[in-house]
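Here is a short briefing on one protein model. Look at the structure first, then work through the points by topic.

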Amino acid sequence: MRLLPTPEQAAALEATLRAVNRAANEVSEIAFARKIHAGRDLRRVVYGQVRAAFGLGSQPAQHTIKKVADAYTALRANLRNGTYGPANSPRRLKAESKPISFRPLAAQPFDDRCLSWDHDAQTISIWTSSGRAKNVAFTGSAGQLARLREHRRGESDLLSRDGMWFLLATIEIPDPPLREPAGFLGVDLGIANIATTCPATPPAAAATATPAAGAGLGAARYSGAKLNAVRHRHRELRRRLQAKATKSAQRLLKKRRRKEARFAADTNHVIAKRIVTEAQRTGHGIALEDLQSIRDRVRLRKPQRVTLHSWSFHQLGGFITYKARRAGVAVIHVDPAYTSRQCSACGHTDRHNRPSQATFSCTSCGFAEHADVNAARNIATRGVADWAVSHAADDAA
C-alpha cells in the first residue's frame, strides 16, 4: 500500500526507521560478538538495553530483536546452501567475518499493536519514535484495497523507497481446489525467447510427425527481443554514466536504478498470466524446469554471461507458480537435463540434434521443430510422467 503522509508525518516515519535500524545494528554487533543468534536468548541479553538506549516501545524493541535474529538465521541457511560459495572462498569469509548491518531506512515490521487500519477512511495509525502518527492516508487499486480489507493477516512492513512510503501487508487467500490436469503444458525458459509453451504430444501424433510439421501444435513463444534490447540499452547507459562519474551522472544512475527491474517484472507478470490463463482454459497443468543453481551449471562465453546472470528466471517461475495456485492449476517441476537435445518424437538424444539456437532436427528419425517448442514438449511429457508417479505413490500411501 502506498502511503501519502504529510511532511510532518513523513519526518516522523523517517526518524522511526533510523532509530530502529540503529538499534538493529547495535543488537547485531552484540549477537555477532557473543555468538547469540536465537531470538529468545538474544532478547534476554539486549531487550532492556535496546529500550533504554533508543527509546523504543515494547513491541518495536521486540520486532527489532527478531529482525536481527531472522537475519542471522537467513545467513546461516545461505552458508549451508553454498550461496556464498565454498568454505574459505573470499565471499564466504567476508560474510562470516563481520556483523550483519542494516541500512538506515531498512524496512521494519509492525504488528496490530503498533499499526491499525481504518479501511473506510483509508488511513492508518502507526507507532513512531515521537508518538502515534494518526490519519496517515494510504491508497491502492480497488482490487488491492478489497483484498487488504478481506484477507490481511499478521505483520506489515514499513518501507521507504526513493522518497516514497509503503506498507507491505501480508494477505492470505485460500487456495481453490486443485483440478486434476487433463495433460501438461510444458514451459521452456530461455533468453532468445523468454518462455515457450507446448503441450505434450500424444504418442500417436508424435509417431506420425514429419520434418515439415515444425509449427508445434498448441505452441506459443514469448520473444525476449524487446526485453533484451531494453537491458542492453540500460547496461550501456550505466556504463557511460559510471565512466563519467560526475555528480549529475550519479544522480541519474540513482534515479534509473530500478527502472529496468520494474520493466522486467511487468513483462514477467504479463507472460505468467497468459500462460496460466491458457492452462486454465485447456484444463492442463503446468510443467516447469527445475532451474535450481542454473548459474552454476551453465557454461557460457563472457558476452552471454551478463545476459544470463541478469535474467529473472526465478521471478518468472515464481509468478507462474503463485498465479497457477490461485487459479487451481497444477504445477510440477521436472528435471531439465537434455530437454533441448532430446527428440520429442522418438526420444533420441544427441547434441547434434540442435545445429543452431532456433533449430531442432533429429539425426535419428528426421523430426524437425523449433528448438524451444521441442524442449517445451519434452518438459510437458516429463510433467505427465512425474505427475503419474507422484500420484501413484500418494494413492499407495
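Asp 120 is exposed because its relative accessible area is 68%, over the 50% mark. Keep in mind that this is a predicted model. Asp 120 also takes part in a salt bridge, and its partner is Arg 149.

**Salt bridges across the chain**

- In the pair of Arg 149 and Asp 120, the closest N and O atoms are 3.2 Å apart.
- This pair links distant parts of the chain, 29 residues apart. Arg 149 sits in helix H5 (residues 142-151), while Asp 120 sits in the loop between strand S3 (115-118) and strand S4 (123-128).
- Arg 149 counts as partly exposed, with 47% relative accessibility.
- Arg 354 and Asp 372 also meet through their side chains in a salt bridge, at 3.5 Å from N to O.
- Arg 354 has a relative accessible area of 24%, so it is partly exposed. Asp 372 has 6%, so it is buried.

- Arg 18 forms a salt bridge with Glu 14, and their closest N and O atoms are 3.1 Å apart.
- Both residues lie in helix H1 (residues 7-34). They are four residues apart, about one turn of the helix.
- Arg 18 is partly exposed at 33%, and Glu 14 is partly exposed at 31%.
- Why can such pairs form? Side chains of opposite charge can pair when their charged atoms come close.
- The count for the model comes to 11 salt bridges.

**A positive patch**

- Arg 103, Arg 161, Arg 233, Lys 255, Lys 259 and Arg 262 gather in a patch of positive charge on the surface.
- Lys 255, one of these residues, is placed in helix H8 (residues 247-256).
- Lys 255 counts as exposed because its relative accessibility is 70%.

- Thr 64 lies in helix H3 (residues 58-81). Its relative accessible area is 0%, so Thr 64 is buried.
- Beyond its neighbours up to four places away in sequence, Thr 64 touches Val 20, Ala 23, Ala 24, Leu 56 and Gln 108.
- Asn 268 lies in helix H9 (residues 259-282) and is buried at 2% relative accessibility.
- Asn 268 and Leu 316 are 48 residues apart along the chain, yet 5.3 Å separates their C-alpha atoms.

Terms used
Residues numbered from 1 in each chain as written. Predicted model: local features only at pLDDT ≥ 70, side-chain atom pairs only at ≥ 80, totals over all residues. Heavy atoms only, no water. Patch = residues over 30% accessible without salt bridge, like charges linked within 9 Å, V, L, I, M, F, W, Y side chains within 5 Å. Areas by Shrake-Rupley, 256 points an atom, 1.4 Å probe, with all protein chains shown as cover. Salt bridge = Lys/Arg side-chain N within 4 Å of Asp/Glu carboxyl O. Lys, Arg positive; Asp, Glu negative; His and termini not counted. Charge placed at Lys NZ, Arg CZ, Asp CG, Glu CD. Helix = DSSP H or I, 4+ residues; strand = E, 2+ residues; numbered from the N terminus. Buried < 20%, exposed > 50% of the residue type's maximum accessible area, 1.4 Å probe, protein only. Contact = heavy atoms within 4.5 Å.
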